[in-house]
Amino acid sequence: MSGARSLAFNNQRSGWLIQAIFGTTFLVTAFLIITPLAALLHGSFQTGSPGMPTVFTWKNWADLGSGNIIHTLLITCFISVVTSVFSTIGGAGLTWLVYRSDFRFKRSLVAAVGLSFFFPGFILAMAWVILASPGGIFNDVLDELFGIEWLQFDIYSVGGIIWIQVLHIIPFAFFTLRGPMISMDSSLEEAGYISGANPWAVVRRITLPLMIFPLLSSLLLCFVLSVEQFAIPAMVGIPGHVNTLATELYLLTSFSPPNTGLAASVGLAMSAVTGLSILFQRQIIRRHNAPTVTGRGYRVRPMTLGPWRAVANGVCLFYVAMSFIIPALALIYTSGIKFFVANPFEAAWTWRNYLQIWDSPGTIRAFWNTLVVAGGGAVLGLTLGTLIAWFTHRLRPRGYRVLDALASLPFGIPGIVIGLGFLWSYVYLPIYGTLLVLVFCYVARFLPYATETVGAQVVQLDKALEEAAWVSGANRLASFRRIILPLLRPTLQSGYFLLFIAYFREIAAAALLYTASTQVLSISIWAFFENANWGVASALSIVATVITVTLMATVMRAPLKV
Amino acid sequence: MGISVKGLVKQYAGKPVVDHIDFEIADGELVSLLGPSGCGKTTTLRCIAGLETPESGRIAIDGEVVFDADSGVVVEPYHRNIGMVFQSYAIWPHMTVFENVAFPLRVRRMAAADIERRVGRALERVGLGAFHDRSSQQLSGGQQQRVAVARAIVHEPAVLLFDEPLSNLDARLRDQTRAEIRQLQRELRVSTIYVTHDQTEALSLSDRILVMHDGRIRQLGTPEAIYARPNDMFVAEVVGAANFFDVTVDDRGAATDTSGATFHTAFAPPGSGPARALIRPDKLLIGPDPGGDLGPNRLRGTVRQRLFMGGYYEYVVETRLASPRVLSSAEFAEKAQVVLSFDSGDCIFLLKE
Ligand SMILES: Nc1ncnc2c1ncn2[C@@H]1O[C@H](COP(=O)(O)OP(=O)(O)OP(=O)(O)O)[C@@H](O)[C@H]1O
Ligand SMILES: [Mg+2]
C-alpha cells in the first residue's frame, strides 16, 4: 500500500497533477451531495418556502408526529414490506428457474426480465391505470362482454400500488440474486443429491440456507426501492387518496399552500429509513459472502422440473404478460384511438395522438431537454463516477474514505428527497430554472450507479497489468490512459447507458424541479396523462420506450446474457 | 454386482466427450480412471453418479439398472446408492462437521440414536473423532477432505466415487491420505471408481487401471500389466517413464535399429515393419563396456548425465540413436563408456503412432 502510494506521489509532475484531480473530484462530489442535504436541513427549520420570507422554527420536526404523517409512514412501510417480500420471492423463483432447473425458455425469460427491468415505472403505472382503473379495460371487458359485475378491479388502491411495484421490482431482485446464485459452488448442491436428498430437500436444506444472506440483502434493497418509489404511488395512489411518504412530500411542495418546510423534515425522516436499511444491507454483504466456486470442476446440474414444468411455464408467462406484454399492448391500443373505449371493435382508430407530439412545441422542447440532460448529464456522471471509483479502489490518497462515503450516500436517499434538496438550495444557488439543476440533481442521485458499476470492474482488474506499464516506464497518468482505460471501455459503455436510461426516465426529482422551459419527457407524459389525455400520453410513452429499448438492445446486450 | 457400464456416450454441443465406453467393476474392486486433462474422466464419473444424463448407453450399479437410454430408465442421483468425494470437497458451510456427515442419514430418516452412532463411527474411521461440533468453516484442506470422505461412506453406499480427491492437498499429506483411502476401501470392500491424472496415485491404489484418451478407453488392466505391457505408446507414456527406440521388426519377430543393434522380445510383436521398442528406465541394466561384439539386447553408449537421487542414480546414456534414461545403484562417471542390456521380458514392441 505505502509502496504504491510513494510511487504515485514521488513522481513530481504526475503526483502534483493527480493531487489536483483528486482535489477537484472531492470538491465536486462534496458540493453535489452536501448542497442538497444542507439545504434540506436548513429548510426543515424554516416557516416559509424557498425564496420566500421565512423565520426559524421547530414546527416542521414537531409535525412529523402528527397523525397524518404517522399514518402515511405506516402505509408506506406496509406497502414496502409487502412489495419487498413478494419481489424477492418472485426474483428468487425466476433466478432458480434460470440457473438451477431445466426450464426450457431460459434465454427468453432473461430477455423478458431485462425488458421489464428497463420499462420505466411511470409508464408501467400508466398502462395499469388504463387496464385496471374503475373505467379501465379490464372492468369494461368483464362487465360488458361477460356481464360479470361482482368482480371489479380498482388499481387506485394500496393493493394496486403493491401489484405494480412488485411487477416493477421483481427484475431488480432477479438481477441482484443471480450473481450469488451463479457463483455459488454447485457441487454443494450436488453433494446433497448424492447424499440421497431429493430436489425439494436440496432447495430447502442447502440452497436456501446458503442463499439466506443474498436473499436478505435483496429484501432490504427492494424495501428501499419501494420506499423511494414515486411514480407508481403518484399515478395510482394520489387519485385513490392513498399517499406514501414520497407522494406526500410532493403534495406538500406542489400544491398551495405549499409546506416546503414540513416536506424537508419528511424527506430527512424518509432518508433515515432508507439510509439505515442500506447501511444494514451493506453490513450483511460485507460479513457474509455466499460460498463461491473454488476452481475447477464447476458445472451446474439442472434440476428436472418434470410435472412442474407446466406450472413454471405458466407462472413465467403470467409474469411476462403482466409486467410487459399486456401493459405494452394497452398503451399501443390507447395511443391509436380517438376516444377511450375498452372494446377495440367500437374504437375509432387514428394517428392523431402521434401527430400531436410533433405539433406541440412544448413536447419537442422536452425531447431536446431530455437529450441534453440524459445524454450530456450521463457523460458528467460517468466521468465523476469513474474518477471516484479509481481513487477509492486504486490510488487511495488521503481522504479516499470520505470520498467513498460521500459517493455512496445517495444510495440511501430517495430521488424525490434529493430533488427537494436542490429545490431548497435555490436559496444559495443561481441555477434554479435551468437544465443545470436537473443535471446536478441526476448526477448526484445516480452517482452510486456509476461508482458501483465502474468500481466492480476496477476491483477485477489485475493490478499487475498496470504495474507492468509502470515498469515499462509509463507514469500513472499514461498507464491509466493507455492500459486501464481501454480495458475499462466495455464497462464504461454499459455504465453510460445505464446512467442515460436512469436520467431519461427519472420523474421524482424532475417533478419538483422542472419549469416550463426545462420540462423533460417523463414530465410531459405525466402531464398529458393527468389532463386525461391518455392517447397522447400513451403515444409519447411508446416513442420513449422504443428509444430506451433500442438503446438497451444495441449497447446493453451484456447484462441480458444468460 | 459392482458397476457395469455399456456403450456410454456423453456429448456436449454434439461433440462426444465420452465415446462408447464399456467396463465392469467387480464387487469391492478399486478401479482408477487415468488420463490427461480433458479426456472425459470427470464426465464418466458424473454419468455414473447421475449428475449428467448420457446420450446413450447403459449403467448398472450393484445389479440395478440406473440408466438405460434404450428403455428410458433414468434413476435420479438421490435414488442411486452412492457416495462421492468431490474435487472441491463441497463441505456445506452452514452445517457443522457432524451435520455434514449426518446429512445422508437424515434424508434417509434414520433414528437419532443410529445417526449419532454411525456418524461417530464414520468420523473415527477418517481420524476426525474429536471434530463433531467443529464448524465446517474452521477446517484445514486435509480435514475438509476427511469430512467429505466420512460423508461419502456414512450411509454404506454400494459404490464410492472419487474425483481427484487429493489434488488440493500438499505433497506429504497426499501420500499419507492415499494410503488411508486404500486401507479404508479395503476394509469397507466397496466398489470404487477413482478419477486421477496422477500416475503414481493410479499405480499404487488400484486393483485395475482404466486409461482414457479423448473419451475412449485405451487400456484396462492391472497396474502391473499396464506398466509392463501397454497396448500402445499413449498408454506407455501415461503410466511411468518410458524409453523408446526406433526399430524395424522382421518376419521372425526380432527387431533391429539402423545402427545394427538387435532387440528381442518375449511378447508377440504387433506385426512386421517400423515399430518402437519400449524399455522402462528401471529395466535397463548398466555395466562397463567389455569391448568386442555385443550380441542381442545390448547397446553401447556414453554416460551423458548423472543425477544422484538418494538410493540410486539416474543416468542419461547416449547411444547411437537414442538417449535413454537408466536407473541404477551402480556408480559410473560422466563420459564413461558403458553397455546397456535388458531382458527380453522387459522389452515390448509398439506400433508407431
Ligand atoms: N458442461 C460442459 N459443456 C461443454 N463441454 C464440457 C462440459 N463439461 C466438460 N466439457 C468438456 O468435456 C471434456 C471432458 O471433460 P472432463 O471434465 O470429463 O475431463 P477430465 O478428464 O475430468 O479432465 P480434468 O483432468 O482436467 O479434470 C473437456 O474437453 C471439457 O472441455
Ligand atoms: Mg476432472
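Across the interface of chain B and chain A, the rule finds 1 salt bridge, a salt bridge being a side-chain nitrogen of Lys or Arg within 4 Å of a carboxyl oxygen of Asp or Glu. The model is predicted, so local features need pLDDT of at least 70 and side-chain atom pairs count only at pLDDT 80 or more, while totals for chains, interfaces and linings use all residues. Residues are numbered from 1 along each chain as its sequence is written, chains are lettered from A in the order in which they are written, and side-chain values use heavy atoms, with hydrogens and water left out.

The contact (heavy atoms within 4.5 Å) takes 33 residues from chain B and 23 residues from chain A. About 2300 Å² is buried between the two chains, and carbon and sulfur atoms give 59% of that area; buried area is the accessible area (1.4 Å probe) that two parts lose on being put together, summed over both.

Chain B also holds salt bridges of its own. B:Asp114 pairs with B:Arg117, with the closest N and O atoms 3.1 Å apart. Both residues lie in helix H3 of chain B, 3 residues apart, about one turn of the helix; helices (H or I, at least four residues) and strands (E, at least two) are DSSP runs, numbered from the N terminus. B:Asp114 is partly exposed at 30% relative accessibility, where buried means under 20% relative accessible area, exposed over 50%, and partly exposed in between (1.4 Å probe, protein chains only).

A further salt bridge connects B:Arg306 and B:Glu331, whose closest N and O atoms are 3.3 Å apart. B:Arg306 lies in strand E17 and B:Glu331 in the loop between strands E19 and E20 of chain B, so this pair ties together parts that are 25 residues apart in sequence. B:Arg306 counts as partly exposed at 30%, whereas B:Glu331, at 55%, counts as exposed.

Two helices of chain B may now be considered. In helix H4 of chain B, 10 of the 13 residues are buried, so the helix is largely enclosed by the rest of the structure. Its buried residues pack against helix H9 of chain A and against several elements of chain B, including helices H2 and H3. Helix H2 of chain B is likewise largely enclosed, because 8 of its 10 residues are buried. The cover over these buried residues includes H9 and H10 of chain A together with H3 and H4 of chain B.
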